[in-house]
Amino acid sequence: MARSRSVSDPLSELFQRAREPIFILNPERRIRFVNAAFEQLARSSSDNLIGLQCTSRTNAEPLSRALCPPAEVLQGNEARVRRTAPPNRVGPPWWEITFLPLTFDADSSGVLGIVRVIAAAQKKPSRSLPESLLSLRGSLRDRFALSLFESDSPAHAHVPAQIQLAMHHDSPTMIVGEDGAGKRAAARLIHHHGVTSERAWLEIDASALPAWCIEHQLGLSASGHFGAVCIREPGALPKDLQVRLLDLLAEPTRRLRWLATCTSVGRGSMSEQLSSALSVQVIHLAPLRTRLDDLPRLVQVFLERAAKQGLKPPSAIAEETMRVMRDYQWPGNLRELDTVVCVAAADANGGQLNPEHLPANMLTEVSQTASPAPPPRDAPMPPLDQLLEDVERRAILLALRKANGNKTEAAQMLGVWRPRLIRRIEALKLESTETTTDQDDDDAVSPGGRV
Amino acid sequence: MQFPQVVVFESDGKLARHLAESASSNRWLMREARQTDACLNWVRRRGPVVLVLKVGRNLQRELEMLDAVRSSLPDVPVIAVTDSDDPLLESLMYDLGATFVLLPPLRRSQLAELVERVMQSAIARLKQRTFLLELGPRSKMTDEPD
């Protein structure tokens, strides 16, 4: 017989009569009430269940982990999550739990959980999609080619071999590189030309999707339809989903390739266990500025790709255009190069691709970096620390300006935690400069304005 | 940065009505497209974009649309909403590059929440990229070997 502690009798009776399995946690996340339906579902009596601490720790009992409320619930918001039905480590079946923050009286609060069991999907009769639709999948293989990563540059020469190695195994692979360096294209290439290419691709954007979507996608990974799952920025996953992902990675029976893409291995709050589990092979993609010798070939690759989409390729590329492109630093890497080449080719409209077809800001940047006269040979070199501080100061001021003074947003742009940014602002004595800048002189924080 | 815009590709206007309140409160431009070319033109505009694609009435046209967006604009997030719970179709949409596939039963709050989160992320990424582009070329001295 279910019993309750500190739950008013009328409410307790109401919950007891409910068909849905219901439980209530106290503020310390210990079970204080379960109804009969929950006892039946958990196959355990309320005497055993009440008092159980619900936590997401890896070594906690499966039931305890399944019932652990997400952080937003403890902050007073409603949440719905999908968890593997304990004691299983992977679904189906799953428990879809709706967590509702409760307040019984002024001194007591808690969390109400309502469980809905989601069983394995019924096998549908072998209905297949028309051939014309499935042919769309066939074209994906041709879209991702190794030519984007072939390089003569020492910084990048090993990458094609690493990608080819990854195609021949299905162990978890981490791809690291700057924004726009081609991480997702490399991941797709590994999948579509690798051992898992027969099945579908699933990308989980951990930094963009709400937790319930990620839970759903992690559940889908077990459906058997997918050959590769790519986690974008796994460091952005909530802690409980990192634990869930670790469970899935530890599942030995399923033939599924896990890939992860991130800008740096230590970024975000990825647990060490997850980081090492996803990094059986690590591929570092070098930024474009370190492989400028590859520019002519990469330009050709992007032009050929654009031509397939109906863009008229230029008759020739002027020597001066290539010189400007070589002098540019390409902070947006391959993504920026792709955009610049396509826009310039569209402007050239089949004629020669000249420097005036390149974006104006690019020409300005190149002329500015090229024009300053070199310092005299006997001029003293500034100390390295001072140089680095100047660069850091400029980056912080620019980020603060972009974020309208919002330090959290500025810290995100710079890829550091907010406390670190605040420490650096204090160390560099930027508070007063920033205030002056905002009020008096907007140009002072433009790139290179002060330094 | 240009105004964020939500482009809805559907034939009956229902999803656009569901999203109208959210778009208005967040000051996003809401575009409803029923023709493929019009939709691609909206999506190609500069600024943060989220494409909401209703799938089910004309599968061939809708999936070709998804394929076209993802091949030419791989950074544009696409949320597919379908009436079908066919796992094969769902996996095909993910394979073609859908960011998320919403299956029935669909609640209005789910769609709005999802679009809001994805749009916030698209805005943040675009800001980060613009920031890098402005900062990048002048940081040459820290990268260049002697």
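**Interface and helix packing**

Between them, chain A and chain B bury about 5,200 Å², of which 57% lies on carbon and sulfur atoms; buried area is the accessible area (1.4 Å probe) that two parts lose on being put together, summed over both. This is a predicted model, in which local features need pLDDT of at least 70 and side-chain atom pairs count only at pLDDT 80 or more, while totals for chains, interfaces and linings use all residues. Residues are numbered from 1 along each chain as its sequence is written, chains are lettered from A and ligands numbered from 1 in the order in which they are written, and side-chain values use heavy atoms, with hydrogens and water left out.

In the interface, 59 residues of chain A are in contact with 51 residues of chain B (heavy atoms within 4.5 Å). Six salt bridges are counted between chain A and chain B, a salt bridge being a side-chain nitrogen of Lys or Arg within 4 Å of a carboxyl oxygen of Asp or Glu. E409(A) forms a salt bridge with K127(B), where the closest N and O atoms are 2.7 Å apart.

Within chain A, helix α9 (residues 211-220) packs against helix α10 (residues 239-250) at an angle of about 5°, and their axes are 11 Å apart. α9(A) is therefore roughly parallel to α10(A), a term for angles under 35 degrees. Here A211(A), I214(A), E215(A), L218(A) and G219(A) of α9(A) meet D240(A), L241(A), R244(A), L245(A) and L248(A) of α10(A).

Conventions
Axes are lines fitted to C-alpha atoms, for helices over the stretch in contact, and angles run from 0 to 180 degrees between N-to-C directions. Helices (H or I, at least four residues) and strands (E, at least two) are DSSP runs, numbered from the N terminus. Angles under 35 degrees count as roughly parallel, over 145 as roughly antiparallel, 65 to 115 as roughly perpendicular and the rest as oblique.
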